[in-house]
Amino acid sequence: MADQPMDITLSRDLGLFDVTMIGVGAMIGAGIFVLTGLAAGTAGPALVLAFFLNGVVAALTAMAYAELGSGFPEAGGGYLWVKEALGGMQGFLGGWMSWFAHAVAGSLYALAFGSFAAELWHMANLPDFGLGTSGLRYGFMTLIILAFTYLNYRGASETGTVGNIITITKVIILGLFCAFGLVAMFRHPEGWTTRFTEGFMPEGWLGIFTAMGLTFIAFEGYEIIAQSGEEIKDPMRNLPRATFISIGVVVLIYMVVAFVAIGAIEAPAGLRTYQFLGQAGETAIVEAARQFMPYGAIILLFSALASTMSALNATTYSSSRVSFAMGRDHNLPPIFSKIHSIRHTPFGAVLLSGALILSMAWALPIEDVAAAADLMFLFLFIQVNVSVMRLRLRRPDLERGFITPLFPFIPILAIVLMVILAGFLYFYSPIGWYVGLAWIVAGMLLYYGHFSNVERLEKPKEILLEEVLVSKDYSVVVPVATQEQARILGLIGSVLAKDRDGEVLALHVARVPPQLELGEGRVFLKAGRPVLETVIEQAKQWDVPVHTMIRLSRDVAKAVRRTVEENASDLIVLGWPGYTNTAGRIFGSVIDDIVDNPPTDIAVVRYREFRPLKSILVPVAGGSNSRRAARMAASMARRSQNGPVNVTALRVIRPGASERDRIRARQDLAQSVQDIPWEFDLQVVEGNDVVETTVREAKKHNLIAIGAADEPLFRNLLVGSIPEQIARRAEVTTVMVKRRHGRIKSMLRETVLQPTTGERVTRGDRRTPAD
């Protein structure tokens, strides 16, 4: 139909060789010529070690890129994954930083190209037309930016062909540089060996880490590989392979170049070779080639031109792809998401990214802004490592072409190392830090001031129906799918809301199958109304206002979480029939995902046949969840319409327990009900099995309210094995209560800890309340 939205996609033209060359071309760019000398002056002969360690750090994060890139092979790379895992603002900042970082890197490469081209121009004794060295530099810089902007406008296949030729050329030239250097070294073995055995780390580890921070931008090519995911053939197989092949090739080349540059040249009297290279700065490699390689200076200048061109090509490509993805997600103006009707390229993003590269190359102090770009690459990589941990837990069903080993230790180690490198960058360039932070603040202002509203308006409407009568401070969310759930949960939710002068938020989530667009889920509107009407009927008996909502989603648990967060709700009441058809789950895929890391306090109701409320049993094991269960039982007793309700707090101890154990049990009972405005009957009973004893005692009551087992910080439980077994075996309705997690626990459960499964809980906490 003409009015249906059209998918905006790119064509898949890039094979394994093409995308590997994109990564290699990006990593063997101006960095090896401009930064090698500066880094040698900082690290000394240990520059070889600095390059190796940078390769290790890059490989750690590259594992996250390989896993997520093979699972989400779309344009956008790190921005796309951060947005999927961490949410809108974090995703926007990921893209915002990535776009800026790639563009600034492109400006650096273009300026380096201009410098090398101007040097060759003067070596050829050609007229400068009155422009001088600076004028020639900026002229060549402008021409090369315009040329590669046009090539990227033409398309990936044209871009890839030219890029492959350039990358192969510079690898051959660098290979010749290394070969001549090694020959020169082995002709005079007595000289170069002492350069690596004496004073290997003249500035210690500080020098090594500073050199790593300075040159890290040269190792971010795998981000560019990820940006091309939507244009790679067979991305699940080729993207991980291209990532690791390119890193291996580049690290080897960088280490050999550093080894040869330090070992093969002769420094002036009074200087060590690494000091001479540091003084030479961006011309260090050219000066080295001049000593031991025939026509070395000219050949290396040509190689530098090839390197800066391929790096500029790669960064122009990647900056346009990430800005295209942001435009497609309504995080940048619509022009960024425009696709050329014939060439199938994001021409708007390409032209605007080219303009950004050109403007920064002309206007900004490029060295410090390049440091800011390096900083933002590090920030982006930290976000990606957090995202790979979060998506491993949230999307275990996602098909991945590569799985990060030693999870979650590899991503955590990568994050720690990125933070260290970012800290050392401050010592190298405080201005770079200030510029980077200013760009981040500007992005946050743009997002909250404009793009978040545009993003929300442009998304498919998730909420089909929402009716609010009266707004209350205390909100009880009652997700319902069936009439039976609506009747029982509506009753319990209304009682609890009434006791706190609150409201019931009756939520029905319509799960939209993958074959339908989210907006086509309106067909489910009619099915959701009857269950909400049942909740309203229950609430009317208690004179409780009801806020109703029908929401579309492909993930019910995520929809419930989003509803709780949007409405700042205080309690979720979930229904469990006592079984699940989902393998490896305890309560089912929806309840498990919510209870694993509850966004607010939660009550899981194992509902049985309805009985008038006369007596409530509260098994006590101590801890905050037991107090919450006791408080909830008191709330239900106060609002009962069936006359006085007896509430019994129960503690089970071993037969023949000592008087000390009995005193401790009574103290636990008293502490669990302390300051709760209701009169509790405190009972200590003996039993060999806490579950069996509690189930037997429950026959005297109409309802059980039991707190979940308290969780250790680094262990994941749902409610604990004892509350779960009591809920399964008791003949009366059981309410299992669990408090929301603090920020630290919530972060750990969203990233590091594996989700709880039925098998793990069966083997889990077997302590009885008397232990």
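Trainee: How many helices and strands does the protein have?
Mentor: There are 28 helices and eleven strands. Keep in mind that this is a predicted model.

Trainee: OK, and what share of the residues is buried?
Mentor: Of the 771 residues in the protein, 58% are buried. The protein exposes about 31400 Å², with carbon and sulfur atoms supplying 59% of that.

Trainee: Let's pick a strand. Is strand 4 enclosed or open?
Mentor: Strand 4 covers residues 546–553, and eight of its eight residues are buried, so the strand is largely enclosed by the rest of the structure.

Trainee: Which residues sit on each side of strand 4?
Mentor: Val546, Thr548, Ile550 and Leu552 are on one side, while His547, Met549, Arg551 and Ser553 are on the other. Both faces are covered. In general, side chains in a regular strand alternate between the two faces of the sheet.

Trainee: And how do strand 3 and strand 4 pair, parallel or antiparallel?
Mentor: Parallel, over eight bridges; strand 3 is residues 503–511. As an example, Val504 has Val546 of strand 4 as its bridge partner.

Trainee: Switching to the surface: which residues form the nonpolar patch?
Mentor: That would be Phe17, Ile168, Ile172, Leu176 and Phe180, with about 440 Å² of accessible area together. Helix 7, residues 156–187, gives the largest share, four residues.

Trainee: Where is Phe180, then?
Mentor: Phe180 is in helix 7.

Trainee: Why does Phe180 count as partly exposed?
Mentor: Because its relative accessibility is 33%, and partly exposed lies between the 20% limit for buried and the 50% limit for exposed.

Notes:
Residues numbered from 1 in each chain as written. Predicted model: local features only at pLDDT ≥ 70, side-chain atom pairs only at ≥ 80, totals over all residues. Heavy atoms only, no water. Patch = residues over 30% accessible without salt bridge, like charges linked within 9 Å, V, L, I, M, F, W, Y side chains within 5 Å. Areas by Shrake-Rupley, 256 points an atom, 1.4 Å probe, with all protein chains shown as cover. Salt bridge = Lys/Arg side-chain N within 4 Å of Asp/Glu carboxyl O. Helix = DSSP H or I, 4+ residues; strand = E, 2+ residues; numbered from the N terminus. Buried < 20%, exposed > 50% of the residue type's maximum accessible area, 1.4 Å probe, protein only. Pairing = 2+ DSSP bridges.
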